[in-house]
Amino acid sequence: MKKTIAILAALVMTLGGAAYLPMQEFSAGAVLTASAATGEFTDGAYQYNVKADGTVVIENYTGSEATVKIPSTLGGKTVTEIGERAFALNRSIVTVNIPDTVKVLGDHAFFLCYSLTNISIPDGVTTVKNSCFWGDDSLVSVSMPDSVTDMEALVFADCKNLRYVKLPAGLEELPGYTFNKCPSLTRCDIPEGVKRIGGNAFIDCTSLKALLVPAGASIDDYAVGFGYNGDTIQNIEGFKMYVYQNSPAEEYAKNFSVPYVYYEGQPIPEFETKGDINDDGKVNVTDVSKIAAHVKGIKSLDSAGISKSDVNGDGKVNVTDVSKIAAQVKGIKKL
Ligand SMILES: [Ca+2]
Ligand SMILES: [Ca+2]
């Protein structure tokens, strides 16, 4: 019951003022009525069921560890699915390790896990269901393995600190509301094979200043380049699309008056984050050590890495840049 009430509160917060949200696009009704299942079997903090194919779906996790290593077997059977709402509303989890036996991440599986910071989705996962990471405010970057071919709506909705997501190469449709209200998102890599960007996919991503749209992708009305302003929607200031000439994205940009430029393989400056050498959305010791290795002649950076490392813009990467980036990492001085 507790879970159901909190979910209702979250929905009200999320949907407040969003006059253009067609509710039927996602199963709000299911969110309000269902609470986490309790499995038929229990093993420690895990409640689970055995599916018809003899593999295990984890129905509920009752632990309070900061680091959770989900087992690959329970009761001697292989774990293949994280069930609906299994980890929803768990406030303790910071890091979760999913075993590579898992194929499906269920509806709302990690919904409102406010502390969840590190998640690596293993190669082998094929399906990420509705609202899987909705409201995970501590997530900064997520890389989806190329095994994922099926994503449902709202997967990263309302992730307040999410900055960078690399979508899987096999994805053909970016569903509606995928990044609904992600105010920190600055970069999303959309794979070339995507054919459709669904309604409101990037609605109210107010920090997103550029998006490269694949040549074959059509875009649903207002899915890209718009945010909310009270009960209306408006263009996001400073946003532009990188489009291929004569593509559906160019037509969208014209129809909806979204600024655009032609993409001809040029670097996209909006995607370059100074100091973030490994493109994981964070500037931390990993980046410092990579730049230091370059400066010391141990391991050279490529041209993109050099451009991101030259934080003072003098055309050289040297100890000055290393110390500036290190000062940011230590919290002494922001870049
Ligand atoms: Ca980094
Ligand atoms: Ca420099």
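Mentor: The secondary structure amounts to 6 helices and 22 strands. This is a predicted model, and what follows is computed from it. Of its 335 residues, 38% count as buried. Among contacts with a separation of 6 or more, 39% join residues 24 or more positions apart.

Start with helix H4, which spans residues 285–295. Its buried residues are Asp 287, Val 288, Ile 291 and His 294. Viewed down the axis of H4, these fall within an arc of 125°, so they line one face of the helix. The cover over them includes helix H5 (303–309) and helix H6 (319–329).

In general, two packed helices are described by the angle between their axes and the distance between the axes. For H4 and H6 the angle is about 170° and the axes are 10 Å apart. Angles over 145 degrees count as roughly antiparallel, so H4 is roughly antiparallel to H6. On the H4 side, the residues that meet H6 are Val 285, Asp 287, Val 288, Ile 291, Ala 292 and Val 295. On the H6 side they are Val 319, Asp 321, Val 322, Ile 325, Ala 326 and Val 329. After H4 comes Gly 297, with a positive phi near 80°.

Now the nonpolar cores. The largest has 76 residues, and those with the most contacts inside it are Ile 58, Phe 110, Phe 156, Phe 202, Val 224 and Met 241. Elements giving two or more residues to this core are strands E2 (46–50), E3 (56–61), E6 (77–82), E13 (164–166) and E21 (240–243), together with helix H3 (248–255). Strand E3 gives the most, with 4 residues. Leaving out residues up to four places away in sequence, Ile 58 touches Tyr 46, Tyr 48, Val 79, Ile 82, Gly 83 and Ala 86. A second, separate core has 7 residues, including Ile 277, Val 283, Ile 291 and Val 322.

For the rest of the chain, take the strands next. An open sheet of 3 strands runs in the order E4-E7-E9 with parallel pairing. Strand E4 (67–69) and strand E9 (118–120) are its edges, each pairing on one side only. Neighbouring strands in this sheet are turned by 10° against each other on average, direction ignored. Strand E7 (residues 95–97) is joined to E9 by 3 bridges, and Val 96 has Ile 119 in E9 as its bridge partner. Elsewhere, strands E19 (residues 226–229) and E20 (residues 232–235) pair antiparallel over 4 bridges. They form a hairpin with 2 residues between them, and Gly 230 in the turn has a positive phi of about 60°.

Lastly, two loop residues. Most residues other than glycine have a negative phi. Leu 112 has a positive phi of about 55° and lies in the loop between strand E8 (104–105) and E9. Asp 204 has a positive phi near 65°, in the loop between strands E16 (196–197) and E17 (210–212). Leu 112 is buried, with 24 other C-beta atoms within 10 Å; Asp 204 is buried too, with 21.

Definitions and conventions. Residues numbered from 1 in each chain as written. Chains lettered and ligands numbered in written order. Predicted model: local features only at pLDDT ≥ 70, side-chain atom pairs only at ≥ 80, totals over all residues. Pairing = 2+ DSSP bridges. Axes fitted to C-alpha atoms, helices over the stretch in contact; angles between N-to-C directions. Buried ≥ 20, exposed ≤ 12 C-beta atoms within 10 Å, placed from the backbone. Contact = placed C-beta atoms within 7 Å. Core = buried A, V, L, I, M, F, W, Y, C linked by C-beta atoms within 7 Å. Arc of directions from axis to C-beta. Parallel < 35°, antiparallel > 145°, perpendicular 65-115°, else oblique.
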